[in-house]
Amino acid sequence: MILQIIDICYLIAVVLFIVGIKMMSHPDSARKGNSIALSGMILAILASFLTPGLDNLVLILIAMALGTIGGIYSAKTVQMTAMPQLVSFFNGMGGAAAALIGLVEYGDLPVDDIGKGAVLMSSLVIGSVSFSGSLVAMGKLQGVLKDIRINKMLGFAVLGIAIALAAYILASAAPQPTLIYVLVVLSLIYGLMFVYPIGGADMPVVISLLNSLTGVTAATTGLLYDNKVMLMGGILVGSAGILLTLLMAKAMNRSVSNILFTSFGGGSGAAAAGQDGDQVAKEINSYDSSILLAYAKRVVIVPGYGLAVAQAQHAVHDLEKILEEKGVEVLYGIHPVAGRMPGHMNVLLAESDVSYDKLIEMDDMNEKLPNTDVVMVIGANDVVNPAANDDPSSPIYGMPILEVNKATNVIVIKRSMSSGYAGIQNALFFDPKTRMLFGDAKKVLNELVGEVKNM
């Protein structure tokens, strides 16, 4: 009877996961969807306490309390600019948990149970790769780790040795406690070698992929324990992560293999950066910019990672409100790979209470741009570079972009003329319609708010 109750609770929890994920697909229902998925997880945890023969209850409760306190504190105190790092950290903890479970369970596994042994080895290897890879991603997003070129064949060799070692351990007639730790170390090393060479601009795709790997480890752990909710939850996370990875790669017009195993813009960045020749970018000051904005009918704001770095999300919302008071329509153009994680710009702007209705995805926004008076680009670079459409020799040629050069006027807020992560100069900066407004985004936006107010 108890087992039937547990299974029913698990089934309800999985349904809540599915409904929650579905609701997260739209900004208006995302918060409610998150709550529904959370309720499913709480139900699954409570049902697990009904498992017959459950031991070490006190230790379990202590671990849950510590994890809950740490999780709530991190979520409450983290800056929105550091949210990608927090996501990477949490993702890495999921991989670490799966690897640790594999280590603990290896000693109790019968040597002749090849099926469970294969599942356990998968949890160990994938969990360890996800853990170390996620920590590297977090460090690169934080700016404390730099890109390191690592021979791809060396990485594949380490992975091959790890897989061969796992197969040997499975085939052994006796337990191999020493080799199992060697396997974990090799997997951790491969995780480092896998993520280190990948550029910061590609981190959103890497985070999605690592998230899917953590989902796979949850599924394999569910198989190991015959736990249906872990199995189904892991499958949901793994499949959603893979789909998101593919969608983001498509948005960059690149294959997943190209992102993971090729340095973006490698080798062509320096040459491409010099192609602007004697072109001169035209500057504009805050006062003249405020005139363009205040007398426009429609203004489109294109946020990028520079907005997050400057922590200017509240300032841009203040400017939006001032312009709307003067009868200007203000919208936000969102590129799917802007920022450092999937949905980074959406989350950042939501923090400053920007209405979800104003966040327009790339394809829909491109239809509106020809009828837009002013586009203000804040901290975005490659995702608005017209070379993606016009220059077949460009490393970003074919990548879908926000076609801001079709608007009547373009104002680009940047600290300098530096190139984006693709390593090439932005042709938009030299477009006759474009004016460069140099400075810190937060400071410049606050100046614009003051100027527009006085008009």
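Reader: Among contacts in the protein between residues at least 6 apart in sequence, what percentage join residues at least 24 apart?

Author: This is a predicted model, in which local features need pLDDT of at least 70, side-chain atom pairs count only at pLDDT 80 or more, and totals for chains, interfaces and linings use all residues. Residues are numbered from 1 along each chain as its sequence is written, and side-chain values use heavy atoms, with hydrogens and water left out. A contact means heavy atoms within 4.5 Å, and among contacts between residues at least 6 apart in sequence, the share joining residues at least 24 apart is 76%.

Reader: What share of the 455 residues in the protein is buried?

Author: Buried means under 20% relative accessible area, exposed over 50%, and partly exposed in between, with a 1.4 Å probe and protein chains only. Of the 455 residues in the protein, the buried ones make up 46%.

Reader: Is the pair of Y190 and F194 stacked or edge-to-face?

Author: Rings of Phe, Tyr and Trp (its six-membered ring) pair if their centres lie within 6.5 Å, and planes under 30 degrees apart count as stacked, over 60 as edge-to-face and the rest as tilted. The ring centres of Y190 and F194 are 5.9 Å apart and their planes meet at 25 degrees, so the pair is stacked.

Reader: Are Y190 and F194 buried or exposed?

Author: Y190 has 10% relative accessibility and counts as buried. F194 likewise has 10% relative accessibility, which makes F194 buried.
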